[in-house]
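Let's take a look at how charged side chains pair up in this protein. Have the structure open as you read.

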Number of protein chains: 6
Amino acid sequence: MRADGRTPDQLRSITITRGWSKQAEGSALIEFGNTRVLCTASLTPGVPRWLKGEGKGWVTAEYAMLPRATNTRNDRESVKGKLGGRTHEISRLIGRSLRSIIDTKALGENTIVLDCDVLQADGGTRTAAITGAYVALADAVAWARDNKLIARNANPLTDSVAAISVGIIDGVPMLDLPYVEDVRAETDMNVVVTGSGKFVEVQGTAEGAPFDRAELDALLDLALQGTAELAEIQRRTLGGE
Amino acid sequence: MRADGRTPDQLRSITITRGWSKQAEGSALIEFGNTRVLCTASLTPGVPRWLKGEGKGWVTAEYAMLPRATNTRNDRESVKGKLGGRTHEISRLIGRSLRSIIDTKALGENTIVLDCDVLQADGGTRTAAITGAYVALADAVAWARDNKLIARNANPLTDSVAAISVGIIDGVPMLDLPYVEDVRAETDMNVVVTGSGKFVEVQGTAEGAPFDRAELDALLDLALQGTAELAEIQRRTLGGE
Amino acid sequence: MRADGRTPDQLRSITITRGWSKQAEGSALIEFGNTRVLCTASLTPGVPRWLKGEGKGWVTAEYAMLPRATNTRNDRESVKGKLGGRTHEISRLIGRSLRSIIDTKALGENTIVLDCDVLQADGGTRTAAITGAYVALADAVAWARDNKLIARNANPLTDSVAAISVGIIDGVPMLDLPYVEDVRAETDMNVVVTGSGKFVEVQGTAEGAPFDRAELDALLDLALQGTAELAEIQRRTLGGE
Amino acid sequence: MRADGRTPDQLRSITITRGWSKQAEGSALIEFGNTRVLCTASLTPGVPRWLKGEGKGWVTAEYAMLPRATNTRNDRESVKGKLGGRTHEISRLIGRSLRSIIDTKALGENTIVLDCDVLQADGGTRTAAITGAYVALADAVAWARDNKLIARNANPLTDSVAAISVGIIDGVPMLDLPYVEDVRAETDMNVVVTGSGKFVEVQGTAEGAPFDRAELDALLDLALQGTAELAEIQRRTLGGE
Amino acid sequence: MRADGRTPDQLRSITITRGWSKQAEGSALIEFGNTRVLCTASLTPGVPRWLKGEGKGWVTAEYAMLPRATNTRNDRESVKGKLGGRTHEISRLIGRSLRSIIDTKALGENTIVLDCDVLQADGGTRTAAITGAYVALADAVAWARDNKLIARNANPLTDSVAAISVGIIDGVPMLDLPYVEDVRAETDMNVVVTGSGKFVEVQGTAEGAPFDRAELDALLDLALQGTAELAEIQRRTLGGE
Amino acid sequence: MRADGRTPDQLRSITITRGWSKQAEGSALIEFGNTRVLCTASLTPGVPRWLKGEGKGWVTAEYAMLPRATNTRNDRESVKGKLGGRTHEISRLIGRSLRSIIDTKALGENTIVLDCDVLQADGGTRTAAITGAYVALADAVAWARDNKLIARNANPLTDSVAAISVGIIDGVPMLDLPYVEDVRAETDMNVVVTGSGKFVEVQGTAEGAPFDRAELDALLDLALQGTAELAEIQRRTLGGE
């Protein structure tokens, strides 16, 4: 039994508020327990200069945390005048993850920027960000179709995508770690999986002791189960039955 | 009659969600119509080096906007590597406004940082930020008293403080301008007023044509009325009857 | 009687050396007592990209202080690698003030940059900067007419503009505060007024105690009187009789 | 058969020039085929402020590329004034990897900075950097023992560590990808493994199509084989028999 | 005969206004023809951390140009967020030049910062800056003696120092080049010389064609003559007879 | 006799490894004793915008040091986010030196960037950089001719160029100073000379005591002898007989 009463293979309570923002083409406020991330998708016609004339679109992402999202306040990166390594790393991960399910030809010469801003942090912010960004992205694509920026019959989304964290704590593989578990994990892994169950990213790190093949396998099993549940929640949120 | 159905001297719908954040010592999500600002107050023992040993506390503020708070996306200041002039200016205004009702001796050697992050923008973000920051500040002060960081009988808050925008549109003075009105205003003024009805800041700018004394007087009247209503909402939010 | 022998409603000695710079299209070294600001106006054909093709000109301003303009040395913002909030704020104020009396259509597609560099500071640097920048601007406009960059009969200047500081010290409203008075003021206001006596900017701040309507009115009266005197000095400097 | 004549499970020619630098406490010029990385270990007594008094040491790493290490010149990050996301990400990976085999208690209050500068790049620079940094680190630890900065019988190195890239190209899993293969890989994985064969980091990315569990397993097998060979080369380089 | 009527070995009109600033411990506005540089010396007790406890003082310099000092406007380095190479280079040159005639032991643990701000530029700004900075420095040293920051009988100034530019134009060596000559010079040299006629810095650059030993000798002769004249002007400015 | 056994007028052992890089159009690893600098020349068609359409090429240089090139580690300028004054100064010196022997008309609209990265530092890094950069430059020019980017019969190189440091130590003029001598030198001079024996740059600095004309002459003699030897080594390295 875990501190919050969950079993090792159980997700936290997941809530997705679709269309939270009145301004963005697509948006979702996603909650994994106390972790809250506001994801917006901004779609604009045109692509960066280096991509012009190729008939392809572009998807990119930026991740950030409000200064008091965490238990103690962090200085703003805008005030410090530079992005930290962690911010860079997570922004790149989110971008790659969402691009993995995008057909840029079908998107046409449009650019989508996914902004994932952590309003409250309690572990798993990058996995919540990826999972919520997919919902915002899907709505921005629908908006573009309604507004004739992409063709009626074009489908830029080749699949859905979701992400979850898994880790080994006191020798037990566990799913969806809140902050208190995250800091105690010997091994910590973030796994990004498509709706059809294929891997997009596997990022495992030995925080404490190096891990063996059997532990790696157990973590991957858990991650596949968790992302399948998230894919189902995404599907329902977006109106599938 | 205004586009949103209000009379010239009517505030938009005002909502304050006290304690929105589980992490900060005080917090409020404040809404002026579609404008939504998350205000957190982070209180830590100790003061900046230049203030040490004087037995006084310090209050400061930082304002920022999420990139897609507005109708089109703005680049992040953290990515650009520097703060814009507007951000600097508003952060300084919020800090001065809140310091005006703080007795730093009574606060003792504690520092409070007020973070005001605009999640959705529709005009009046700086005035919503000041009004919401006061609620977060009051709760952080109460927290500090409960946690014995300030004395039981000390009262660092000498008054409450709130702010509102006023402007002249087509010759008519109007209260609490949303974005569509703000861009059309000939004259635009932000006024910060204490709960006891005294001025803390008066910032009037001729956006279109210079204004005369009579217009200035009309705007000040309207601002005093609006901030009195906000002071009452703050009082009720904080549990006064 | 004030420390420097003035009455409460008296300006310091004001000197404007027109054409101080041999390089700029317009320039003025302005002195408000010991405050000395070098104002230059640089006029170049063309406008920023976002304004192209609209047949309008652009006026902007930058304010800075030499490191030893003040009583103790400040680090250079160029060495620190970023502009402070105060610099941003004053640069924006100067720009707005001068734009208020410019007819950008009449200016045509020309850009004027006003540089206001404080060589020696003794209070009121922003108000001296605005007052001196107007003289430099007027000369740059004349230069542009002589050099056929604007039409012979076009008049981009719709009025003149000047600024002064006022404040309440020991309960007495006073005009044009030097540094020793500025730090003691309970309330401090900078007022920008056109030659025809209309307000462009009113920026009042309670440094000590919040102020009431009567105090505000007294300060505005004083400011209107002071800026009227400055307007007359500007007129004479520019060769009016 | 691969373009350079290797079999799919064959490493490129690996050369480690131990002690390349006369200045650093430990150093190695490592070559994976045409990829050349200069790794230096700088050991200094003392630790960063946040770690003082805990009796523990600190190991960190910085990765960079010379501007013309690659086929076309890249602008210097020092000239651009900021680090790119890729640089941040790899520096962090190298640091975590080396810390995984360090007993910070045994290291005592000493700091080791590992600098990995890519002099020539042809794929696999981060894996070469980790593998070479271990050799530099081992020599810096030996130097510290000789110079009595760590106790004679203390052993801060709990294991060795090496890294290799693996990828799937045209459906075939391959070991140690040079640049021409790297850009064609559908899936790309960097794996960091200890001398005793346990995982420290597993970072797999679907560059083209998402990958399934069987593909992941094949890549992990290949990586374990390759890192075992590298561990043996490290052992011989450091004078083991 | 030169464009401005001077002979090849003649200085421009040199003016030094000692004590131009009311704020600094020492100051001079120096003019070499139309080149005008404001030099201030800021003296504060104490030294940078790395020099503490050695009983020695520190002298450093910063050089900058106002944006419209030149014929066309340059962007501010504070706005660009970084210092250019030329600014760095000249600041370092001024600092080395002034340190060459300072006895840091006699100065005691005091720091002097020399700020040289070019208000108007017409060639030779760095040489005017060095020559004027010496006057400001001498006055700051006298001030420190009067204020008992250095001992009554201590003499931190071991000599005076001045600088001049020389160049070869159309084959003729010339002294003190204004901008129009500077851009035409085949070879350009800045020479810093003590009051006793010894070299502190010799910086010669072939702008057009490389130069031979005879040309170098002719330029050095001219520079020694010019700096001797400047030393005499400095002596008279500082009250020597 | 010097610490390393050389006579005062003797160069250190000079080694030039031509074509060290497989990536650059021209490259050389140059060693002056323990000083090692990797010089690459990157040639690309086209010129910076401000030079377009003039039928001329452009040559520029960037100098940098690896963090552990020196005896103690220096922080990376990329991490600090800005270039130091020394880096700027040396980059500019290298650029000017190489441009002095380039006929930009003959080069045509091509750009050559010379990167000089110090891998190990033991005094004289800037002079080694200039000497090695010439070899890289010559090879890049040959490459451009082979690749028809410049005409078969065009010769952009008007001469060769090399540089050496000289200094006065204990009253004795000495050639090619390693670090231990450099820090003790009273006077330090870097001299850049063409293959035909003419001066390109003379940069002499009194580190200790100012120097007289006789000392200057002795240093120049030594520098001319040393650069003549370097020119001969360059000629042989490039295949001359």
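R73(E) and E62(C) have side chains that meet in a salt bridge, 3.1 Å from N to O. (A salt bridge here is a side-chain nitrogen of Lys or Arg within 4 Å of a carboxyl oxygen of Asp or Glu.) This pair crosses between chains: R73(E) sits in the loop between β4 (58–65) and α1 (77–80) of chain E, while E62(C) is in strand β4 of chain C. R73(E) is partly exposed, at 22% relative accessible area; buried means under 20%, exposed over 50%, and partly exposed in between, with a 1.4 Å probe and protein chains only. Helices (H or I, at least four residues) and strands (E, at least two) are DSSP runs, numbered from the N terminus.

By the way, this is a predicted model, where local features need pLDDT of at least 70 and side-chain atom pairs count only at pLDDT 80 or more, though totals for chains, interfaces and linings use all residues. Residues are numbered from 1 along each chain, chains are lettered from A and ligands numbered from 1 in the order written, and side-chain values use heavy atoms, leaving out hydrogens and water.

| Pair | Closest N to O distance |
|---|---|
| E31(D) and R36(D) | 3.5 Å |
| R76(F) and E62(D) | 2.8 Å |

R76(F) lies in the loop between β4 (58–65) and α1 (77–80) of chain F and E62(D) in strand β4 of chain D, so that pair joins two chains. R76(F) counts as buried, at 8% relative accessibility. E31(D) and R36(D) are buried too. Over all chains, a search of the whole structure finds 132 salt bridges.
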